[in-house]
Amino acid sequence: MDSVQDHCGVFGIFNIPDAARLTYFGLHALQHRGQESCGIVTSTYDEHRQRRIMPAAKDFGLVLDVFADPSIFDRVLLGDAAIGHTRYSTSGSSVNRANIQPLRVQYRGGNLALAHNGNLSNARELRRAFSERGTLFQSTSDTELILHLIAQSRREKQLDQIIDALAQVEGGYALAILTDDSLVAIRDPNGFRPLALGRLNIDDPDPRSAYCVASETCAFDMIGATYVRDIEPGEILVIDREGCKRGIFNSTKLSGRHGISQCIFEYIYFSRPDSLIYGEMVDKVRRKFGKQLAHDAPVPRVPAEEKAPIVISVPDSSNTATLGYVSECQKLGYRCRYEIGLIRNHYVGRTFIAPGQDKREMRVRCKFNTVGGLLKGRIVVVVDDSIVRGTTARLLVKMIREAKAKEVHFRVASPTVLSPCFYGMDFPSKEELLSSKFDDVETIGKWLGVDSLAYLSVDGLMKAVQAANDSPHSYCNACFTGNYPVPIEACAAKEEYD
C-alpha cells in the first residue's frame with residue numbers, strides 16, 4: 001500500500017466517571033486511522049458558572065504526545081461523557097489548527113461537539129451557499145458545515161435540528177455528537193464509514209451501564225467494553241441517561257436514495273485485523289482475499305529440483321492476506337512457503353530530514369528493510385494489499401533486487417485502483433493513480449521492475465468479501481470500478497479551501 005492514508009478515528013463514551021481517560025485509551029487503539037492530530041471534548045457541569053460546559057484538549061501530534069500531561073484529565077477534561085478524534089485530513093488543510101477535531105459550538109440549543117470520519121461529497125456546494133449568506137468559517141474542514149447546518153436549522157428540538165442538517169448533506173460520514181445530555185451516534189444512509197456500539201459494566205449488577213461508540217471494535221477491547229452491534233446505515237442513535245438505565249435508546253433512520261454501499265477498503269487496508277467491521281472480523285475477510293488471489297494469480301510453478309518460491313508480505317496490512325494466499329496456493333498444489341522478508345520499522349515519524357538523498361526513497365528505506373540472506377538467489381513473490389501511485393512498491397522491488405533475488409513477482413490482494421474516492425479516503429486525483437499512466441498490467445509491471453504482476457479481480461474481491469460474511473452486505477467499490485453510488489460534485493469534493 002502506498003499513498004493512501006487512513007481517514008479518521010472516532011470514539012465516544014457516555015455515563016461513566018473518568019470518561020476522558022477511557023476516551024484516551026480508545027483513541028490509542030484508533031491511532032492507525034490518523035496521526036496528524038487528535039483531541040478530546042467532555043461534558044460536565046460547572047458549579048461556579050452554574051451551567052454545563054464542554055472543555056477540550058487537542059493539538060497536532062499522536063495521542064501519546066498530545067495527552068502527555070496526565071493532570072489534564074483531573075484539571076480540564078472532567079465529566080462522565082466524552083468524544084475523541086484522531087485525524088488524517090481528507091478535506092481541509094492539515095496545518096490549520098482550527099481543523100483539529102472534535103469541533104465544538106455553543107448555540108441556542110446548548111453546547112454541541114462533533115467528531116467526524118468521512119467526506120461530504122456536496123461540501124463545495126454547501127460552503128458556497130453559506131458564504132453567500134455571510135456565514136463565517138473558523139476552519140477549512142467540511143465537518144464545520146454540519147455544525148452550521150445544525151445551528152441554523154429552524155427546528156425547535158435539537159434532535160430535529162440534527163436530522164434537518166443531515167438531510168442536506170451527501171457523502172460518507174460517521175459522527176459522534178456530544179450534547180449537554182446525550183451522545184449521538186450517526187452513520188450516513190449508505191453506511192460508507194463504520195461505527196459500532198459497545199457497552200461497559202455488562203456484568204455489573206448496577207443496570208446503569210456505560211455505552212460507547214467507535215470506528216473500530218479494537219477500541220472496545222482496549223477499555224474492556226463489549227461489542228453490542230453496528231450503528232446501522234442511516235441510523236441516528238441517541239444514548240442518554242434514561243436509555244442507559246433501561247438499555248434501550250431512541251433510534252431514528254435517515255432516508256437514503258442510493259442504497260447501502262459500505263466502503264470495502266476498510267477490509268482491504270484501513271481497519272486493524274483484530275476489529276469487527278460491518279459485523280465481520282477483518283482478519284477473516286483478508287484471508288479470503290488472499291485465498292481468492294491464489295486462484296486468480298498463484299505463485300509461479302517451478303521444476304521439482306529447484307527451490308520453492310518464497311512469499312513475503314509488505315507489513316503490516318497485507319500480512320493476513322499473505323497467509324491466506326500461501327495456504328491456498330499450497331492447497332492448489334503449488335510449492336511455496338511464507339517467509340518474513342521485509343522488516344518494518346514501527347518507530348519512523350511521519351516526516352524527517354533526508355539530506356543529500358531522494359526523500360521518497362529515504363522514507364521507504366527508513367520504514368522497510370530486506371532480510372538479504374533470505375532473499376538471495378530465490379524466486380520471491382511479494383503480496384501487498386493494494387497499489388495506488390506505485391512509488392513505494394517500485395522502491396521495494398528495487399530493494400529486493402538489491403538483495404539479489406533471482407526473480408521478483410508481485411501479487412496485489414485487491415483490484416487495480418482506477419478512480420479517486422470522495423467519501424473519506426485520501427486517494428489522489430485520477431491523474432496521480434498508477435493505472436492512469438499505463439495502458440495495461442504488463443506495462444505497470446515493467447515500470448515496477450517485476451517479472452510478473454497480477455491483481456485480484458473485481459469479481460474475485462466481491463466473491464471473497466461476500467463469502468466471509470454470514471449475512472449479505474452491499475459494498476462500495478468505486479475506486480476499482482468508477483461506479484460511484486452517490487453523485488459527486490463537479491470539480492471533486494476534496495478541494496482544499498485555503
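N15 is placed in the loop between β1 (8–14) and α1 (19–29), where helices (H or I, at least four residues) and strands (E, at least two) are DSSP runs numbered from the N terminus. Its phi is positive, at about 75°, although N15 is not a glycine. With a relative accessibility of 18%, N15 counts as buried, a class that takes in residues under 20% relative accessible area, whereas exposed means over 50% and partly exposed lies in between (1.4 Å probe, protein chains only). The model is a predicted one, in which local features need pLDDT of at least 70 and side-chain atom pairs count only at pLDDT 80 or more, while totals for chains, interfaces and linings use all residues. Residues are numbered from 1 along each chain as its sequence is written, and side-chain values use heavy atoms, with hydrogens and water left out.

A positive phi is also found at Q50, a residue other than glycine, with a value near 60°; Q50 belongs to the loop between β2 (37–46) and β3 (51–53). The bond from Q101 to P102 is cis, with omega near 5°, and P102 has its place in the loop between β5 (81–87) and β6 (103–107). The bond from P315 to D316 is likewise cis, with omega near 5°, and D316 lies in the loop between β18 (310–313) and α11 (319–331). As background, most residues other than glycine have a negative phi, and most peptide bonds are trans.

Helix α1 is largely enclosed by the rest of the structure, because eight of its 11 residues are buried. The buried residues of α1 are A19, A20, L22, T23, Y24, G26, L27 and A29, and they pack against β1, β2, α2 (63–66), α3 (72–75), β5 and α7 (218–223), contact meaning heavy atoms within 4.5 Å. Y24 is also a member of a cluster in which ring pairs link Y24, F25, F67 and F73. In the chain as a whole, the secondary structure comes to 17 helices and 25 strands, and 57% of the 498 residues count as buried. Of the contacts in the chain with a separation of 6 or more, 73% are accounted for by residues 24 or more positions apart.

Strand β18 contains I312, which is buried, with a relative accessible area of 0%. When residues up to four places away in sequence are not counted, I312 touches T322, E339, G341, L342, L375, V380, V381, V382, V383 and I400. The C-alpha atoms of I312 and V326 are separated by 9.4 Å, these residues being 14 residues apart along the chain.

Helix α5 (residues 143–151) packs with helix α6 (residues 158–166) at an angle of about 125°, their axes being 8 Å apart; the axes are lines fitted to C-alpha atoms, for helices over the stretch in contact, and angles run from 0 to 180 degrees between N-to-C directions. The two helices, α5 and α6, are therefore oblique to each other, since angles under 35 degrees count as roughly parallel, over 145 as roughly antiparallel, 65 to 115 as roughly perpendicular and the rest as oblique. The contact is made by I146, L149 and I150 of α5 together with Q161, I162, A165 and L166 of α6. By class, this contact of α5 with α6 has six nonpolar, one polar and no charged residues, where Ala, Val, Leu, Ile, Met, Phe, Trp, Tyr, Cys and Pro count as nonpolar, Asp, Glu, Lys and Arg as charged, and the others, Gly among them, as polar.

A search of the whole structure finds 13 aromatic pairs, rings of Phe, Tyr and Trp (its six-membered ring) being paired if their centres lie within 6.5 Å, with planes under 30 degrees apart counted as stacked, over 60 as edge-to-face and the rest as tilted. The rings of F422 and Y484 form a tilted pair, because their centres are 5.5 Å apart and their planes are at 50°. This pair ties together parts that are 62 residues apart in sequence, since F422 lies in the loop between β23 (407–412) and α15 (441–448) and Y484 in the segment after α17 (478–481). F422 counts as buried at 10% relative accessibility, whereas Y484 is partly exposed, with a relative accessible area of 28%. F438 and W447 form a further tilted aromatic pair, 5.8 Å centre to centre with 45° between the planes, and W447 counts as partly exposed at 23% relative accessibility.
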